[in-house]
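This report covers salt bridges and a helix contact. The structure is shown first.

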Amino acid sequence: GEKVQHQTTTAGQVQALALQLLESVALQVGVPSAELSALPPFEQFRRAAAGQDQLWCDNYAKIFVRAANSLGIPARRIELLGYCDRSGSVAVCTADGHATTEYFDRELNRWVWIDLTGWVLAARNARGDLLDAQQFQRAFNDPLGEPVTLEIYDPHARVVNQLAVDPRQPGPLRRRAAGDGF
């Protein structure tokens with residue numbers, strides 16, 4: 001918690017916390033044992049960090065929420081259930097069966113999305129504003145929308161990279177790396 005407490009903004013605290021967690025368990029992605037899922041979040045973290053088990057999205061979400069809340073940062077787990085709303089001008093569809101998280105940013109006075117399973121530390125719109133989960137889903141699904149930049153942790157290089165997700169580009173995920181010339 002010391003690296004977290006030295007940060008002056010909620011976003012800085014969350015990024016410090018997320019990096020501490022990911023540095024220990026980012027490469028432990030996989031189907032967890034039945035025993036792991038029955039354990040409290042911090043015990044799940046300890047087992048994964050020791051290489052004794054793997055973590056799935058629900059485990060990452062529960063670990064992050066417990067850690068953030070224990071440090072005084074309000075956080076919540078969000079379960080995506082394959083919802084698709086095509087009633088408006090933009091269809092908004094979510095992944096089926098994925099757990100992700102948001103934290104409450106005190107300075108912005110709103111919720112902000114973070115997804116440790118995908119090593120996503122932040123999502124920003126073209127203006128640089130942090131997005132919540134719903135805003136990211138809407139931007140990602142809008143074929144006329146502006147690109148979104150994801151800040152993604154690379155566990156091999158231990159650095160944070162930026163990835164532009166452009167809904168106007170063709171491809172299964174409509175994304176391109178920032179600055180790669182596509």
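This is a predicted model: local features need pLDDT of at least 70, side-chain atom pairs count only at pLDDT 80 or more; totals for chains, interfaces and linings use all residues.

Glu-102 belongs to strand β4 (residues 96-105) and Arg-76 to strand β1 (residues 75-81), so the pair ties together parts that are 26 residues apart in sequence.

Glu-102 has a relative accessible area of 3% and is buried, whereas Arg-76, with 35%, is partly exposed.

## Other salt bridges

The structure holds eight salt bridges. One of them joins Asp-58 to Lys-62, with 3.0 Å between the closest N and O atoms. Both residues, Asp-58 and Lys-62, are in helix α5 (residues 57-70), where they are four residues apart, about one turn of the helix. Asp-58 is partly exposed at 22% relative accessibility, and Lys-62 is partly exposed at 34%.

Arg-127 and Asp-129 also meet through their side chains in a salt bridge, at 3.3 Å from N to O. Arg-127 counts as exposed, with 64% relative accessibility, while Asp-129 counts as partly exposed, with 34%. Through shared partners, salt bridges join Asp-58, Lys-62, Arg-77 and Glu-79 into one network.

## Packing of α2 and α4

Helix α2 (residues 10-25) packs with helix α4 (residues 41-49) at an angle of about 45°, and their axes are 8 Å apart. The angle makes α2 oblique to α4. On the α2 side the contact is made by Leu-21, Ser-24 and Val-25, and on the α4 side by Phe-45, Ala-48 and Ala-49. Of these contact residues, five are nonpolar, one is polar and none is charged.

Key
Residues are numbered from 1 along each chain as its sequence is written. Side-chain values use heavy atoms; hydrogens and water are left out. Axes are lines fitted to C-alpha atoms, for helices over the stretch in contact, and angles run from 0 to 180 degrees between N-to-C directions. Helices (H or I, at least four residues) and strands (E, at least two) are DSSP runs, numbered from the N terminus. Angles under 35 degrees count as roughly parallel, over 145 as roughly antiparallel, 65 to 115 as roughly perpendicular and the rest as oblique. Contact means heavy atoms within 4.5 Å. Ala, Val, Leu, Ile, Met, Phe, Trp, Tyr, Cys and Pro count as nonpolar, Asp, Glu, Lys and Arg as charged, and the others, Gly among them, as polar. A salt bridge is a side-chain nitrogen of Lys or Arg within 4 Å of a carboxyl oxygen of Asp or Glu. Buried means under 20% relative accessible area, exposed over 50%, partly exposed in between (1.4 Å probe, protein chains only).
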